[in-house]
Amino acid sequence: MDIIIVLDGSNSIYPWVEVQHFLINILKKFYIGPGQIQVGVVQYGEDVVHEFHLNDYRSVKDVVAAASHIEQRGGTETRTAYGIEFARRGINPEAFLNEIKFIASDPDDKHFFNVTDEAALKDIVDALGERIFSLEGTNKNEISFGLEMSQTGFSSHVVEDGILLGAVGAYDWNGAVLKETSSGKVIPLRESYLQEFPEELKNHGAYLGYTVSSVISTKHERIYVAGAPRFNHTGKVIIFSMHNNQNLTIHQALKGEQIGSYYGSEINSLDVNGDGVTDVLLVGAPMYFSEGRERGKVYVYTLRQRIAAADLVPGLMYFGCSIHGQLDLNEDGLVDLAVGSLGNAVLLWSRSVVQINASIRFEPSKINIFTKDCKRNGKDATCMSAFICFTAVFLSAHFQTASVALRYNATIDERRYTPRAHLDESSERHTQKGLVLLGGREHCDRLQFHVLDTADYVKPVTFSIDYELEHPENGPMLDDGWPTSLKVSVPFWNGCNEDEHCVPDLVLDARSDVPSAMEFCRRALRRPPPDCSAFSLSFDSPVFIIESSRRRVAVEAALENRGENAYSTVLNISFSRNLQFASLIPKVAFRLDFEFSKSIFLQSMEIYLITNSDSEEKESTKEDNVAHLNFHLKYEADLLFTRSSSLDYYEIRSNSSLERYDSIGPPFHCTFKLQNLGFFPVEGVTIKLTIPVATRAGNRLLLLTQFLVDQENTTCNIWGNSTDYRGTPAEEDLSRTLHLNHSNSDVISIDCNVKLAPNEEMNLHLRGNLWMKSLKADTGSCPMSDAHVQHLLAQLKFKSLKLTTNAALQRSFGSPFIFREEDPSRQITFEISKPEESQIPIWIILGSTLGGLLLLALLVLALWKLGFFKSGSRRRAAERERSAQRLE
């Protein structure tokens, strides 16, 4: 079953919390679930909205939770018909009609009526009466019912000779009263009720018998009482007697006074003094609407008033032997009662009757919240005065100069939980006062109150009074049915033109702190303008960059009113799923902070702001009531890209042996590591490895034996690893090629897709060996004993050689990520050197030795010829002579 509940959410509904409680109580009674009941809610006022649709919630708990968050939409209009029509949208008319035909009795042409307007109902009313039911006990030639749907026993009342039973469904739901006795049933005929329930009202459904009771008269006779709360929509109570001849006599009828009050739905009789005679009949009208709510009302009917002679003058006899009640003997304007007694006449008159007229006026007549003319409790406030005036009008001219004491209660905003105004004298919303009124003279009390700042300047402040006589038991009595309460509203001045029709012009502007590609290039990458222009144009559409350190997005919004006052202005904010609302900072404008979601990653960001108010803005100025931020995003990848290697430098010597390396060469283990240090998951990125494995002439340089990625679900593609290089190296001179990489050698290429969650890493491992059969080459310096190896290695010539493995990060097409580095790549280089170890021929050594000796002999001969050796002997002789002379 599909149920659409249509709620009135206009300003006329208050308080809203009661509507929510009513809605929740109904929803809790439904069996909501798959295959059971679906519930949707529509709310209307000036506009109509779906609060939630039929298939939004699948359990009672979810529906109740959603209903508890429904807020009143408000509005000064109540568009009920539009709300119902809105709720019916989306229903397939053909399926809807087929369902009704399925429910209707067969054949459809007699029991299905397609009516286009209300006037057409008059043409089919007789057919409806004849065909809508076909129940046992009805006459085929009649168009109404007797007791077939009577619901006898709807109410009951025990009497001496049986039980009185109400039958609200009898006689086409006009109702009836039956009596069950020991001797049989008493069922009055339809004609017995025509006196008070005429034939022309037979289709109104009076519900006579809704409640039944009885009273005891002063003659100690039992008289029955029955209520018909729906009679003519106002209700009726009949007082009657029943007879055994299926007839009844209606003695009196009491009528309700308000439509929908359900007058007569409850009846009770009361014997006040316990003498067996009914003194008071009580009739309830529980739906009686008063003071803005269905407060209900109880009507009290006095069946008698007894005046005992002993209470008047002692010695009276035969009091009441004659009675006259048509003259005003004391000229007080009221009919007096003259009662005869033996030898005396007693004149009885009633107390004076007074009517109290009340009024309330305010100074000033409207609340001007823009003018704070006083201070209350240290706060600026708008001060007002209420003048509560009463005038006593005595119905009798004899009492025109009399006085009456009155007391009243005054309340501000009685139906609000928190009042918007307070009385000066007590800072409360209530006050109670008493006064004395002179007949025909107005008396006014001045109550000063103040209004502080409030969020609701649309609905007026209500000022209500309830008043009553100070001494109702003595002195004048208030006229029966005369009002005893008054409610007056004082509106707010809206600050607009004289016609008080506000026409605002709301302007909404919003900006985000997310940089564009050009701004990011200038600020973060610090590149010159030409490079930044090229960077910005490298994307297929305008993009905005999310830096790697960014966790929040700030939106600066400014809402301005360039027209007249805009009341109850509302700003609705919506945003994409990858954002989470963080904070709102009010300023002259205001700032909205959003945090990026940790669980939802999108390549765009959207924030939508729209504002409106209760005031009527022109359509021509509504275009700037919306601010829409929609950014195509690129995220800066915060990747830590490192590498490590077990081999950096290797020196090849002539005596190096291949046996220790299994006849291949020294091993190496290279590792490239990627770590996602950022907030966002990285995807749409590829890492490309190029490993130089041979020269362009086909001489192998190294052998890659293993490639391993330690991250699961990583897809890699490998090219160039199946080349069959020659087993014997060819002659190749690399002495001028100092660096071999992917640009000048044969390589193995490996492409791997990178997909890293925040704080996740991946390692790419390369294992292999240097190919010594090609690298261990000198220029013929190998020992002759290893002639075979010398033959193999004699052709590759170099002194120092660098082999570089390159790993580069690349963005795939449409990737949401960018890199701060212009070329994010890492290299691992193997430096291989081969020092020269040459042998000098013996003839060179012998020749050099003989030449040196000959040169030494020629040098000694030259020194001897020059006397170098003689000068020393002469010095020694001179020293000996000097020594001898000293001795002498």
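Biologist: How much space lies in the largest cavity?

Modeller: This is a predicted model, and a search of the whole structure finds two cavities of 30 Å³ or more. For the largest cavity, the space comes to about 90 Å³.

Biologist: Which residues are the closest to the centre of the largest cavity?

Modeller: The lining of the largest cavity divides into six nonpolar, two polar and three charged residues. Of the 11 residues that line this cavity, those closest to its centre are Tyr171, Asn174, Arg190, Tyr193 and Phe197.

Biologist: What classes of residue make up the lining of the second largest cavity?

Modeller: The second largest cavity has a volume of about 40 Å³. Its lining residues include Ser548, Glu636, Asp638, Asn676 and Phe817. Taken by class, the lining of the second largest cavity has three polar, two charged and five nonpolar residues.

Biologist: Are helices α1 and α2 roughly parallel or roughly antiparallel to each other?

Modeller: Helix α1 spans residues 16-27 and helix α2 spans residues 60-67, and the two pack with their axes 10 Å apart at an angle of about 170°. Since angles over 145 degrees count as roughly antiparallel, α1 and α2 are therefore roughly antiparallel.

Biologist: How many nonpolar residues does the contact of α1 with α2 have?

Modeller: On the α1 side the contact is made by Gln20, Leu23, Ile24 and Leu27, while α2 brings Val60, Val63, Val64 and Ala67. By class, this contact has no charged residues and one polar residue, and the number of nonpolar residues is seven.

Notes:
Residues numbered from 1 in each chain as written. Predicted model: local features only at pLDDT ≥ 70, side-chain atom pairs only at ≥ 80, totals over all residues. Heavy atoms only, no water. Axes fitted to C-alpha atoms, helices over the stretch in contact; angles between N-to-C directions. Helix = DSSP H or I, 4+ residues; strand = E, 2+ residues; numbered from the N terminus. Parallel < 35°, antiparallel > 145°, perpendicular 65-115°, else oblique. Contact = heavy atoms within 4.5 Å. Nonpolar A, V, L, I, M, F, W, Y, C, P; charged D, E, K, R; others polar. 1 Å grid on protein atoms, 1.4 Å probe; cavity = no way out; pocket = protein on both sides within 12 Å on 5 of 7 lines; lining within 4 Å. Points joined across faces, edges and corners; volume = space filled by probe spheres on them.
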